[in-house]
Amino acid sequence: MIIRIYAILCCLTAFLHVSAQDKLTVIKAKALVDVRKGQLITPVLIYCRQGKIEKVDSGPNIPSDAIIIDLGGKYLLPGLVDAHSHLCHEYQYELEKVAGANIVTETAITDNATRALIGARNARDMLLAGYTTVRDLGNSGENTDVALRDAINKNWLPGPRIYAATRALSPIGGQFSKMTPDARKVLVPKEYSEICGAEEARKAVREAVFNGADCIKVIVNNNQLSLNQEELTAIVQEAKAANLKVAAHATNGDQPALNAINAGVNSIEHGYTLSAPVLKLMAEKGIYLVPTDRTGVDRYQQRIKRALEAGVKIAFGSDMYYYDAQRNRGEVTVSTYHAYSQSGMSNAQILRSATMNSGELVAGPGKIGLLEPGYLADIIAVDEDPLVKVETLEHVVFVMKEGKVVNRCD
Ligand SMILES: [Zn+2]
């Protein structure tokens, strides 16, 4: 608890005293983790100006007017990117004690103001844990993700850069279990945009755009209902017209994912049991897999092995949305890499998934996820070499977001 309070104070203090962005800032450290190659560059200097990386160097001649941040023996990494977060969603397992309830109850009893405040707390904890960007994929009530994104952008509170989805598009009933028609009418629209037919699909995307979405989340299948090919194709066409990417939740076999792939989505979320041919198709089309896995589940592990063999690009996604009494949202989120380790991903592959790959999926090429000239200066530091000991990711000691130091605890 003391450590957590210290970390928060540390963050908030630094939040108020950001480095001057327009001046040259040089970060000195023992090494930079080149996630693209899976090797270290050492020693290293990163030159930053106006929120971007200007150059990466090892040379001794630092301009005399530069602000120097000397991180001594630390290892530098790109800021982490979670391609599947739910910052404004806090599932309480105790609610399962209410018969048949869970997210239905949560939707009924948690208003949008509370959700925004839950999101503000989670955003701060995510940033402290090293996440400088998240793609927030729904379950945030009525546009609380957009309000949170805007508040962070205005510097009202600390948090990662957010790519917000607003309400997820879904088949009838969203992801809720069976409920009365009256309850459905009131509760489902608070959380989902129900679709039946291509015209409704187009309308739902346009509503999301109007509400401020940066990306589109579609629930391809839930329970016995799935969106069909025509609906998915309309969603992707409409999203592309608005220059938005589409993240497709697809579970239960190959067909839901295949329909989404044929429609042209950018990522398949979960895809717990995807077969080798479908994964190969994804690799050919450059569609990312976002495995939101938990540890100890054999079918998830086998699917990651198949994905690696097929050459699918894997982007880290935590899908973290539950309350944890012991750990804050950032701490729980970062620990989800353990499932990737168990599935046979190397430390370099895990780091790539959580930086370069998720960065490109979420923001497009050349913006975030690498420490190279032209990229945003989203930089974190850890005490040990993460290529050897990936557990060090759970103890991020320095966070810079877009050239501003937001946390330093060393
Ligand atoms: Zn999710």
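I call a residue buried under 20% relative accessible area, exposed over 50% and partly exposed in between (1.4 Å probe, protein chains only).

**Ground rules.** I'm working on a predicted model, where local features need pLDDT of at least 70, side-chain atom pairs count only at pLDDT 80 or more, and totals for chains, interfaces and linings use all residues. Residues are numbered from 1 along each chain as its sequence is written, and side-chain values use heavy atoms, with hydrogens and water left out.

**Thr-110.** I found Thr-110 in the loop between α2 (103-109) and α3 (112-128); helices (H or I, at least four residues) and strands (E, at least two) are DSSP runs, numbered from the N terminus. Its relative accessibility is 18%, so I log Thr-110 as buried. I then checked its side chain, which reaches the backbone oxygen of Glu-106 at 2.9 Å. Skipping neighbours within four places in sequence, I get Arg-115 and Ile-118 in contact with Thr-110 (heavy atoms within 4.5 Å).

**The sheet.** Next I looked up an open sheet of three strands, ordered β8-β9-β10 with parallel pairing (strands pair if DSSP finds at least two bridges between them). β8 (80-85) and β10 (161-164) are the edge strands, each pairing on one side only. On average, neighbouring strands here are turned by 15° against each other, direction ignored; axes are lines fitted to C-alpha atoms, for helices over the stretch in contact, and angles run from 0 to 180 degrees between N-to-C directions. Between β9 (residues 131-136) and β10 I have four bridges, and Thr-133 stands opposite Arg-161 in β10.

**Helices on it.** Helix α4 (residues 144-153) packs on the sheet and touches β9 and β10, its direction making about 150° with that of β10. Helix α13 (residues 347-363) also packs there, touching β8, β9 and β10, at about 55° to the direction of β8.

Definitions and conventions. A polar contact is a pair of N or O atoms within 3.5 Å; within protein, one must be able to donate a hydrogen and the other to accept it, and residues adjacent in sequence count only if both atoms are side-chain atoms.
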